[in-house]
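Dear colleague,

Please find the structure below, together with a short account of what was found in it.

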Amino acid sequence: MSIAFLNDSYMPIGEAKISPLDRGFLFGDGIYEVIPSYEGKLLGFTGHIDRMLDGLAGIGLVLDWTHDQWKSLCQELLTQNGNGNLGIYLQVSRGADNKRYHAFPEAVAPTIFGFTFAIPSSPIADRTAAKRYSVITTQDLRWQRCHIKSTALLGNVLHFQQGHEQGNDEALLYNANNELTEASSCNAFIVKDGVVITPPLDNQLLPGITRNMLIDILRKDGSIPVEERVVSMSEVHAADEIWITSSTKEVGAVTTIDGNPVGTGDIGDTWIKAQTLFSNHKYDY
Ligand code: PMP
């Protein structure tokens, strides 16, 4: 059984217990992170912790942990779980009060939780081996603070489930103006005429670490133009390629949208270049 961290100790995950009055349980009042690691090497650690600290500040949850403390926790979790290819899940909730009351409690210690889970081996930029993702499209009905990586994920879960029930891997979401926001658990990119395009960061989407790394890697390489701008759904449906990015998928090539082929219906050349560059540079972050 995997070893988890809860508050101040490590234990088999089946022995980790929290109070039913924990605000993470009652209200989804917490922030989480998922950091990928391969053979003990963490990917994008600083960006992930920065985002978690931004999220905690964004919901007024005060916790005085430093990056070094988070790093020690991650490394200890990896060691105790035998390294390998592991995602590290970290969560901080506002803790357990002695009553259920919406206002933030005073003098309640946050609940800190971490565990690891197996992730697939590092994706490789190989057209024959790569997974082909299929997506539906649906209107984004989540809340208006999607830049916060809150544990309150029911909006995302319901969208993911919509795609899942129709036999798809993801749901691409669009706002009331028919503009792409992201997917229910990933950021989204399109490729048109060799240009990689993704929606700009705002309250409608999570500032994905993979998204940021990919944009930075592509811009430093310079051979593929990248634009961060509003993307209409008509552009999505007319795209040559669609990608979804997340820490465990890296750059995922979408080949089916609403049952129709994306571009030629096969994995595109720009994806091959982008995932190759990502694989070569991901440990720089
Ligand atoms: N958007 C949403 C809604 C997510 O849940 C995630 C993470 N699964 C992402 C984007 C991608 O973020 P990251 O690249 O940091 O994993």
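**Sheet and helices**

Six strands form an open sheet in the order β2-β1-β6-β5-β3-β4, with antiparallel pairing. Its edge strands, β2 (9-12) and β4 (41-42), each pair on one side only. Strands (E, at least two residues) and helices (H or I, at least four) are DSSP runs numbered from the N terminus, and two strands pair if DSSP finds at least two bridges between them. This is a predicted model: local features need pLDDT of at least 70, side-chain atom pairs count only at pLDDT 80 or more, and totals for chains, interfaces and linings use all residues. Residues are numbered from 1 along each chain as its sequence is written, and side-chain values use heavy atoms, with hydrogens and water left out.

Strand β1 (residues 3-6) pairs with β2 in the antiparallel sense over 4 bridges, and I3 stands opposite P12 in β2. Helix α2 (residues 45-58) packs on the sheet, touching β3 (30-38), β4 and β5 (85-93); contact means heavy atoms within 4.5 Å. The direction of α2 makes about 175° with that of β3, where axes are lines fitted to C-alpha atoms, for helices over the stretch in contact, and angles run from 0 to 180 degrees between N-to-C directions.

**Loop residues**

N7, in the loop between β1 and β2, has a positive phi near 65°. N83, in the loop between α3 and β5, has a positive phi near 50°. N7 counts as partly exposed because its relative accessibility is 37%; the class lies between buried (under 20%) and exposed (over 50%), with a 1.4 Å probe and protein chains only. N83 is also partly exposed, at 32%.

Yours sincerely
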